[in-house]
Amino acid sequence: MARTVRRDPRGCQHLEAMRSICQAKRPEVRVEVCVAEGKDRGPAIVEAARKHGVSLLVVGQKKRSVTWRLLSMWMAGVKGAAAGARGGGSAADYCVQHAACMALAVRRKSRRGGGYLITTRRQRDFWLLA
């Protein structure tokens, strides 16, 4: 049975616009946008980055509600070691921890306050005012 994948055309346009901005600012840096599919997003992204020989992986990160975070922690505790490759975390967290290259998870701090929270392997939620 064939599965039809629907992609949001606005999302693709947004990615292409960001790629164009990056390319205009730094023409010497090659910027590529890739769509990867997989059951678990984190491992699919890390594998696609490895295949393409990526040197810097930047992924967006959503802020989860307190209820969602508590539920995730509870489920990780219930499942114990069987929590799987994700370990109850987000796809962005998985990418930061498991990518062979430098990986950044980026999230907007707030709509009013401005700035971004950047997460790397060594630093979690570093605030960048941009």
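Contact here means heavy atoms within 4.5 Å. This is a predicted model, in which local features need pLDDT of at least 70 and side-chain atom pairs count only at pLDDT 80 or more, while totals for chains, interfaces and linings use all residues. Residues are numbered from 1 along each chain as its sequence is written, and side-chain values use heavy atoms, with hydrogens and water left out. The protein has four helices and four strands, where helices (H or I, at least four residues) and strands (E, at least two) are DSSP runs numbered from the N terminus. Along the sequence the pattern reads α-α-β-α-α-β-β-β.

**Overall packing**

- Of the protein's 130 residues, 20% count as buried. Buried means under 20% relative accessible area, exposed means over 50%, and partly exposed lies in between (1.4 Å probe, protein chains only).
- Take the contacts between residues at least 6 apart in sequence: 40% of them join residues at least 24 apart.

**The sheet**

- Four strands make an open sheet, ordered β1-β2-β3-β4, with mixed pairing. Two strands pair if DSSP finds at least two bridges between them.
- β1 and β4 (126-128) are the edge strands, each pairing on one side only.
- On average, neighbouring strands are turned by 30° against each other, direction ignored. Axes are lines fitted to C-alpha atoms, for helices over the stretch in contact, and angles run from 0 to 180 degrees between N-to-C directions.
- β1 and β2 run parallel and are joined by five bridges. Val58 has Leu104 of β2 as its bridge partner. Val59 stands opposite Ala105, also in β2.
- β2 pairs with β3 in the antiparallel sense, over four bridges. Here Arg107 stands opposite Leu117 of β3.

**The nonpolar core**

- The largest nonpolar core holds 12 residues: Val46, Ala49, Leu57, Val59, Ala92, Tyr94, Cys95, Val96, Ala99, Cys101, Ala103 and Ala105. Such a core is a set of buried Ala, Val, Leu, Ile, Met, Phe, Trp, Tyr and Cys residues joined through side-chain atoms within 4.5 Å.
- The largest share, four residues, comes from α4.
- In soluble globular proteins, nonpolar side chains tend to be buried together.
- Ala105 belongs to this core. Its contacts, leaving aside neighbours within four places in sequence, are Val59, Gln61, Ala92, Val96, Leu117, Ile118 and Thr119.

**Helices against the sheet**

- α4 lies across β1, β2 and β3 (116-119), and runs at about 155° to β2.
- The buried residues of α2 are Gly42, Ala44, Val46, Ala48 and Ala49. Their cover includes β1 and α4.
- The 12 residues of α2 should span 16 Å at 1.5 Å a residue, and the end C-alpha atoms are 16 Å apart, so the two values agree. The expected span of a helix is 1.5 Å times one less than its number of residues.
- Just after α2, Gly53 takes a positive phi of about 70°.

**Loop residues**

- Gln61 sits in the loop between β1 and α3 (66-79). Gln61 counts as buried because its relative accessibility is 13%.
- The side chains of Gln61 and Asp93 are joined by a polar contact of 3.1 Å. A polar contact is a pair of N or O atoms within 3.5 Å; within protein, one must be able to donate a hydrogen and the other to accept it, and residues adjacent in sequence count only if both atoms are side-chain atoms.
- Neighbours within four places in sequence aside, Gln61 is in contact with Ser90, Ala92, Asp93, Ala105, Val106, Arg107, Thr119 and Arg124.
- Gly114 is placed in the loop between β2 and β3. With a relative accessible area of 23%, Gly114 is partly exposed. Its C-alpha atom is separated by 9.0 Å from that of Leu128, 14 residues apart along the chain.
- Thr120 lies in the loop between β3 and β4. Thr120 is buried, as its relative accessible area is 17%. Apart from neighbours within four places in sequence, Thr120 is in contact with Val96, Met102, Ala103 and Leu104.
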